[in-house]
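Please look through the sequence and structure first.

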Amino acid sequence: MYDPSQLVSYLDMAAADLLGTAGSLTVRRLSDLNGLFEDIDAYNKALSRENSLVYTVREAAFPSDEGDLTCALGKLMPGQIGDEYYFTKGHLHQWREAAEIYLVLSGEGFMLLEDEKSGESRLLPFQRNGLVYVPGHAAHRTINTGDSPLVYLGITPARAGHDYFTDDHKNFLKVVVEVSDKPVLMDREDYHRFYSPLKGH
Ligand code: S6P
Ligand code: ZN
């Protein structure tokens, strides 16, 4: 049987961190998101000013045998590159069938889903106290459209794993951009071809 200390963790909401059974910490800065934002000029300008923190992910260190669950606490900062809001890299699970449940603890934004087979997208509200279900085979990306950090807990099978996009499928097919002070979901192609040039990008 496990020691109780291996089975309990605490949320430090002030630091958006886990205490107790805390595992690895991933820190992603602007430079780690190279090639993902559509407005390359705005990205380069922002990066030349500061390699800003975009998000952190603290994994819990719970048991990780076959059948176990794991969870991670994400903290995604508010910000924009051009019209696009700050987002996470986004991934499929290595074990494609693995689903994920998210609990949103603070902030506001969206969860962008993209089915790996059909390419269909869904934009789900991601707001405090929201429970969001990410089905298997869906690439998922968290987007912060608010002005405070978006803090959330994601729970998956321990063996889900991460599969980040490779060169032949480099990014999501949709973007979430600010239009007239509001977030709008748009085809990446449409945004690239019709919208950004009009703004002189
Ligand atoms: C893990 C879960 C989240 C993400 C986090 C960062 O399955 O979905 O904890 O890891 O939102 O996103 P990403 O795409 O950089 O791993
Ligand atoms: Zn995931």
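## The largest cavity

By class, the residues that line the largest cavity are six nonpolar, four polar and one charged. Here Ala, Val, Leu, Ile, Met, Phe, Trp, Tyr, Cys and Pro count as nonpolar, Asp, Glu, Lys and Arg as charged, and the others, Gly among them, as polar. The lining includes Leu92, His93, Arg96, Val134, Pro135 and His140. The volume of this cavity is about 40 Å³, and the structure holds one cavity of 30 Å³ or more.

Cavities and pockets are found on a 1 Å grid over the protein atoms alone: a cavity is a set of points where a 1.4 Å probe fits but cannot get out, a pocket is an open set with protein on both sides within 12 Å along at least five of seven lines, and lining residues have an atom within 4 Å of a point. Grid points are joined across faces, edges and corners, and a volume is the space filled by probe spheres set on the points.

## Basis of the model

This is a predicted model, in which local features need pLDDT of at least 70 and side-chain atom pairs count only at pLDDT 80 or more, while totals for chains, interfaces and linings use all residues. Residues are numbered from 1 along each chain as its sequence is written, chains are lettered from A and ligands numbered from 1 in the order in which they are written, and side-chain values use heavy atoms, with hydrogens and water left out.

## The largest pocket

About 440 Å³ of space lies in the largest pocket. Of its 31 lining residues, Val57, Glu59, Ala72, His91 and His162 lie nearest the centre. The strand β5 (69-76) gives the largest share of the lining, five residues; strands are DSSP runs of E, at least two residues, numbered from the N terminus.

## Ligand 1

Ligand 1 sits in the largest pocket, meaning that more than half of its atoms lie within 2 Å of the pocket's grid points. It is surrounded by 16 residues, each with a heavy atom within 4 Å. Tyr55, Glu100, Tyr102, Tyr152 and Tyr164 are the closest.

Polar contacts are pairs of N or O atoms within 3.5 Å; within protein, one must be able to donate a hydrogen and the other to accept it, and residues adjacent in sequence count only if both atoms are side-chain atoms. A polar side-chain atom of tyrosine 152 lies 2.6 Å from an oxygen atom of ligand 1.

Notes. Helices (H or I, at least four residues) and strands (E, at least two) are DSSP runs, numbered from the N terminus.
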